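This briefing is meant for someone meeting the structure for the first time. Please look over the sequence and the model below before reading on.

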Amino acid sequence: MVATNTNYDRKSEVKAFDETKEGVKGLVDAGITEIPRIFHRPPESDDHYHINSPSSDSEPTRFSIPVIDLQGLDRLDSPTKRKEIVAKVGEASETWGFFQIVNHGIPVGVLEEIKDGVRGFFELDTQVKKELYTRDPFKPVIYNSNFDLYSAPVTNWRDTFMCYVAPNPTKPEDLPQVCRDILVEYSMQVMKLGRLLFELLSEALGLKPSHLNDIDCSEGLVILGHYYPACPQPELTMGTSNHADNDFLTILLQDHIGGLQVLHQGKWVDVPPVPGALVVNIGDLLQLISNDKFKSIQHRVLANYVGPRISVASFFCTGMLPSTKLYGPIKELLSEDNPPKYRETTVRDYVAHFNDKGLDGTSALMDFKL
Ligand SMILES: O=C(O)CCC(=O)C(=O)O
Ligand SMILES: [Fe+2]
């Protein structure tokens with residue numbers, strides 16, 4: 001815990017904020033012009049957070065995350081096209097852990113509608129939304145502000161709702177009507193795209209195309225709708241603290257506002273909004289099973305005067321569901337020169353460890369190193 005956070009009663013302020021059940025949007029709706037202390041980022045002098053500074057170290061760089069065109073992938077008459085795409089996916093996953101895809105098969109209309117649906121959810125009547133505010137993972141829809149509110153050292157300028165797609169989908173009738181139909185449609189499309197990406201990633205690892213799907217990397221899918229309200233003092237806080245994702249793979253849709261950055265060669269690099277594109281990133285569990293070939297990269301979202309910013313993050317992961325299956329570095333990838341770097345874990349144990357830790361700027365994966 002850092003100095004600024006110890007000279008006030010953070011715990012009770014966090015609790016009071018949670019009990020409003022109105023999230024960050026509630027503060028903005030109330031017209032606040034100064035953000036409460038629980039949202040203040042620690043001072044930059046703190047080494048641990050040094051890389052978490054939006055102003056001092058995010059300079060324009062010559063780097064830009066790769067944009068990969070998936071057009072022509074399924075043309076049976078063009079196996080070289082597939083090889084080319086697999087090579088690009090592999091290269092991006094090894095060096096960036098992040099890439100954007102275009103011509104991925106999800107129609108632009110669906111992308112627009114899901115963003116509208118997520119915004120519609122957060123703009124529901126406050127009383128209606130309060131009924132859904134919960135931290136109970138067994139609820140079909142989990143809406144709250146900061147999943148790690150009680151464990152993270154700082155609170156983010158963000159509200160989120162989550163629903164399950166696989167293996168136990170939230171029943172459509174349990175989804176808020178404002179985004180029900182589009183969530184069902186988008187989920188189906190993301191599942192299909194995810195399975196395709198796992199094929200490409202398997203091939204990029206030199207495995208048979210079905211390998212990652214066969215070991216159930218696409219068994220679990222949860223969708224998060226994020227809402228980053230306009231912030232009156234964006235330099236004091238963060239939309240999402242730096243973290244790496246605790247899943248196998250994430251497919252992210254962001255709107256036109258921007259603010260997502262990835263850590264590349266020690267610098268924060270913007271992930272610019274590209275119309276019609278989806279952002280794909282490797283999660284910790286895929287880094288673990290690929291024995292560090294693919295990288296799960298730290299990323300963050302800056303707060304902004306402009307808002308709300310909407311994003312939709314689809315996580316391939318079974319989360320806290322009971323699991324006995326152990327994941328460790330894939331045997332086919334190991335050799336004398338490439339011994340396993342991680343111990344085996346269940347998805348549930350990994351996710352539980354990640355959640356307990358909260359987004360504190362450190363990697364949960366390091367705790368599983370051999
Ligand atoms: O909102 C974004 O652009 C990123 C969200 C994110 O990193 C996450 O949900 O893990
Ligand atoms: Fe993330």
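T240 lies in strand 6, which covers residues 240-243; helices (H or I, at least four residues) and strands (E, at least two) are DSSP runs numbered from the N terminus. This is a predicted model, in which local features need pLDDT of at least 70 and side-chain atom pairs count only at pLDDT 80 or more, while totals for chains, interfaces and linings use all residues. Residues are numbered from 1 along each chain as its sequence is written, chains are lettered from A and ligands numbered from 1 in the order in which they are written, and side-chain values use heavy atoms, with hydrogens and water left out.

**T240 and its surroundings**

- T240 counts as buried because its relative accessibility is 6%, where buried means under 20% relative accessible area, exposed over 50% and partly exposed in between (1.4 Å probe, protein chains only).
- The side chain of T240 makes a polar contact with that of Y228 at 2.8 Å; a polar contact is a pair of N or O atoms within 3.5 Å, and within protein one must be able to donate a hydrogen and the other to accept it, with residues adjacent in sequence counting only if both atoms are side-chain atoms.
- Leaving aside residues up to four places away in sequence, T240 touches N156, R158, Y228, R300, V301 and L359, contact meaning heavy atoms within 4.5 Å.

**The sheet that holds strand 6**

- An open sheet of 4 strands has the order 6-11-8-9 with antiparallel pairing, and two strands pair if DSSP finds at least two bridges between them.
- Strand 6 and strand 9 (267-270) are the edge strands, each pairing on one side only.
- Strand 8 (residues 260-264) and strand 11 (residues 299-301) pair in the antiparallel sense over 3 bridges, and the bridge partner of Q261 in strand 11 is R300.

**The iron site**

- The iron ion (ligand 2) is coordinated by H243 (NE2), D245 (OD) and H299 (NE2) at 2.1 to 2.2 Å; donors are N, O and S atoms within 2.8 Å of the metal (3.2 Å for Na, K and Ca), and water is not among the atoms, so sites may look incomplete.
- Along the chain, the donors of this iron ion follow the spacing H-x1-D-x53-H.
- Both H243 and D245 are buried.

- Another open sheet, of 8 strands, has the order 1-2-10-7-12-5-4-3 with mixed pairing, and its edge strands are strand 1 (67-69) and strand 3 (141-144).
- Strand 7 (residues 249-254) and strand 10 (residues 278-282) pair in the antiparallel sense over 4 bridges, with I282 in strand 10 as the bridge partner of L249.
- Helix 4 (residues 79-95) packs on this sheet, touching strand 1, strand 2 (98-102) and strand 10, and its direction makes about 160° with that of strand 1; axes are lines fitted to C-alpha atoms, for helices over the stretch in contact, and angles run from 0 to 180 degrees between N-to-C directions.

**The loop residue L236**

- L236 has its place in the loop between strand 5 and strand 6, and at 29% relative accessibility L236 counts as partly exposed.
- L236 touches I35, F39, H40 and R41, not counting residues up to four places away in sequence.

**The recorded domain**

- UniProt lists residues 219-319 as "domain: Fe2OG dioxygenase" in an unreviewed entry, and such annotations may be inferred rather than shown by experiment.
- The span of residues 219-319 is 6% helix and 43% strand, and its end C-alpha atoms lie 11 Å apart.
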